[in-house]
Amino acid sequence: MGTEFPYVRCFPKHKRLADGTVRSVYYLANFAGDITKVASSVPVDDNTFLYKMCAKFQEKYGHFFPVGQRNLWNSQKAMLKWADKMIWFSFLVGSNESMYNDFSKYYQGPCWFTKEICTDNWRGYTFLSDWDERFRNSSKSSVWILLKNRGKVWPVHVVHNQLTDGWPEFWDSHKLRSGFKVVFGCERNWIFEVVVLMHNLEPLYYSWSKTNHELQESSLMPYVADDLGTPRHLRTSCFPSMMSITHHIMQFGYDCASRKCITRVFGRRFRNLFHDTGADEISLNMRNKRWSICKIKNRVDRFSLENFFNSLNLQERDFVLVTAFDAANVNVLVFTGDGVERMYPWT
């Protein structure tokens, strides 16, 4: 069954019936081009349709797919949201079954990467700088990945390290522009959590960013085998799943090449965090190591902040992403000039 996954798109086929009404049938297509019928429109009156799950799909996959108890939706949007969940789960299953036998099952190393957006057009973008290491022989590679931003997913085809099918839709949905930075976090094979930062290195929020969503492993646990747990070989400051499912109260980036005083930038941000949370101490976390930043006379303790920067040994082309889930859990990711998460002894 694993050879059928992942699903990479949902699309309709329309047929005009004898009475003049149009009936739409929706299919999920997998990476090999095979299609599976999953839902169809059911006319209620001239202007109203319901959308019903296909009984054969429910019968074939319902015993392990999170199809849910609901098999009828009152809008196309609700049905397509359900289809996104099926696509997400197919990648989740495929990540464990090593969907493409030509590639290594597990990648050992960092799981966060950044990409600079340097044009206003989606064409011509490569994906990962370490593509050869991750997928062995990139000159022959063709693989589907899943880009995931909170409650939405975009399957994207990567061919010879070039972002192709699905990338234009991701680009348009996120309104990418020259000067933006995209951060990718890969905790499971083929699935990448995404953070988009604007020119000022502030996160760009979208209509789906702040909504509760079902694309979380916790919501799928009754259907997920125990061996689908987070791979232990990954080295990172923060697992992407943590970034995805935990609400954060502050997030910002810092470019070491900007010549802005890092102590002032972080001091201003942490002063606001002290004010917003009412805390007297901030805990900076990088996997297995913590640094405490204190507040002294309503000011951020400069000494403890500089001690933290000295521990990181930042280089001129490094980039830092800070995410505060609360005052006691402020995560820090450091990226090299090549856009790969920097490894430390404690990550």
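How many aromatic pairs does the structure hold? There are 24 of them, where a pair means Phe, Tyr or Trp rings (the six-membered ring for Trp) with centres within 6.5 Å, called stacked with planes under 30 degrees apart, edge-to-face over 60 and tilted for the rest.

## What you're looking at

This is a predicted model, with local features needing pLDDT of at least 70 and side-chain atom pairs counted only at pLDDT 80 or more, while totals for chains, interfaces and linings use all residues. Residues are numbered from 1 along each chain as its sequence is written, and side-chain values use heavy atoms, leaving out hydrogens and water.

## Two ring pairs

Take Trp-73 and Trp-82: this pair is tilted, at 4.9 Å centre to centre with 40° between the planes. Both tryptophans are buried (under 20% relative accessible area with a 1.4 Å probe, protein chains only; exposed is over 50%, partly exposed in between).

Trp-291 and Phe-308 make an edge-to-face pair, because their planes sit at 70°, with ring centres 4.9 Å apart. Trp-291 belongs to strand β14 (residues 289–296) and Phe-308 to helix α8 (residues 302–312), so the pair ties together parts 17 residues apart in sequence. Here helices (H or I, at least four residues) and strands (E, at least two) are DSSP runs, numbered from the N terminus. Trp-291 is buried at 6% relative accessibility, and Phe-308 is buried at 0%.

## The cluster

Ring pairs also link up into a cluster, whose members include Trp-291, Phe-308, Phe-309, Tyr-344 and Trp-346.

## Charges over rings

Arg-9 lies over the face of Phe-11, 4.4 Å from the ring centre. Lys-181 does likewise with Phe-319, at 4.4 Å from that ring centre. The cut-offs: NZ of Lys or CZ of Arg within 6 Å of the ring centre and within 35 degrees of the ring normal.
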